[in-house]
Amino acid sequence: MNKFLSLIFHIIFFVLAILSLSFITKIPVKYLPIIEILPFLLVGISFILGYKFNRSLIIYSSLIFILVYVYILFSGPFKSHQQLLSLNSLVVFLSINISLLCFYLERGILTTIGIIRFIFIFIQAAGFTWLVYTQYPQWQNLIFNIVIPALEIKLSYLTQSTFLVILLSIILISSSYLTRINPFRSAIFVSMMLLLYAISLPNKDILNLSVLFSYALLLPLITLVGESYKMAFMDDLTNL
């Protein structure tokens, strides 16, 4: 698959994923439980295929996505201020880690550096959860701080600090993509945007969340299969 066409496909996938939410109400009730557990099934498939093809990025990204999903599902009801802190912390966690992934080089999965990356992700997840539940004052000041007073941000639940983190993340990911075109980077980036949209949903409906997170997990899988097929059966020099 041509790199440019791959990027176009990811953008179209993003649009279709958002539009498909309007069809959820038409899904038969008997299939709804399957949709709710679908993200977990896709994570399992991501781990299996990532290990089989030695693609650690798909494993790390699926781990980050499912941690965000689990947090949203099982975090208790918050008061309005803590809920705002929770959502912005989730966005910061997601943006930082996906930005880092786009600069990671494949170094194996069960290698020393691979295990260190796993530990690093879990430590961050535990740290962000602790910061939210304890409402750590310094963390609140950082999240709710007005970095640029002249810049007024009114985007859903986002604070100015969080918006600037997203903006910086987009710049970093774009720069990494320009320096080395990689379909996995664009797939992971589009998946991140889907999750940012999912987090912004006002009612946090379980079906909408499950569908969006499933799409976010599915896109890197499709990219993995497409790239693996290309490497195995296609020759760029002869177009065979």
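# Helix packing and buried residues in a predicted model

Modeller: The protein chain comes to nine helices and zero strands, both taken as DSSP runs numbered from the N terminus (H or I, at least four residues, for helices; E, at least two, for strands). It's a predicted model, so local features need pLDDT of at least 70 and side-chain atom pairs count only at pLDDT 80 or more, while totals for chains, interfaces and linings use all residues. Residues are numbered from 1 along each chain as its sequence is written, and side-chain values use heavy atoms, with hydrogens and water left out.

Colleague: What share of contacts between residues at least 6 apart in sequence joins residues at least 24 apart?

Modeller: Contact here means heavy atoms within 4.5 Å. Counting those in the protein chain between residues at least 6 apart, the share that joins residues at least 24 apart is 76%.

Colleague: And what percentage of the 240 residues is buried?

Modeller: Buried means under 20% relative accessible area, with exposed over 50% and partly exposed in between (1.4 Å probe, protein chains only). Of the 240 residues in the protein chain, the buried percentage is 45%.

Colleague: How are α3 and α5 oriented to each other, roughly parallel or roughly perpendicular?

Modeller: Axes are lines fitted to C-alpha atoms, for helices over the stretch in contact, and angles run from 0 to 180 degrees between N-to-C directions. On the orientation scale, under 35 degrees is roughly parallel, over 145 roughly antiparallel, 65 to 115 roughly perpendicular and the rest oblique. Helix α3 (residues 56–74) and helix α5 (residues 112–134) pack at about 15°, their axes 11 Å apart. That makes α3 and α5 roughly parallel.

Colleague: What's the make-up by class of the contact of α3 with α5?

Modeller: On the α3 side the residues are S56, I59, Y60, L63, I64, L67 and Y71, and they meet G114, R117, F118, I121, F122, A125, T129, V132 and Y133 in α5. Ala, Val, Leu, Ile, Met, Phe, Trp, Tyr, Cys and Pro count as nonpolar, Asp, Glu, Lys and Arg as charged, and the others, Gly among them, as polar. By class, the contact of α3 with α5 has twelve nonpolar, three polar and one charged residues.

Colleague: At what angle do the axes of α3 and α8 cross?

Modeller: In α3, L57, S61, F65, V68 and I72 meet I188, S191, M192, L195 and I199 in α8. The axes of α3 and helix α8 (residues 183–200) come within 12 Å, and the crossing angle is roughly 0°. That makes α3 and α8 roughly parallel.

Colleague: What about α4 and α6, roughly parallel or roughly perpendicular?

Modeller: H81, L84, L85, N88, S89 and V92 in α4 meet W139, Q140, I143 and F144 in α6. Helix α4 (residues 80–101) and helix α6 (residues 137–144) pack at an angle of about 75°, with axes 11 Å apart. So the two, α4 and α6, are roughly perpendicular.

Colleague: How far apart in space are L158 and V91, C-alpha to C-alpha?

Modeller: L158 sits in the loop between α6 and α7 (160–179), and counts as buried because its relative accessibility is 15%. Neighbours within four places aside, L158 is in contact with N88, V91, F163 and I166. In sequence L158 and V91 are 67 residues apart, but C-alpha to C-alpha they're 8.8 Å apart.

Colleague: Is S56 buried or exposed?

Modeller: S56 is in helix α3. Leaving out neighbours within four places, S56 is in contact with E106, R107, G108, I109 and R117. Its relative accessibility is 1%, so S56 counts as buried.

Colleague: What's the phi of N54?

Modeller: N54 is in the loop between α2 (32–52) and α3, and is partly exposed at a relative accessible area of 45%. Although N54 is not a glycine, its phi is positive, at about 55°.
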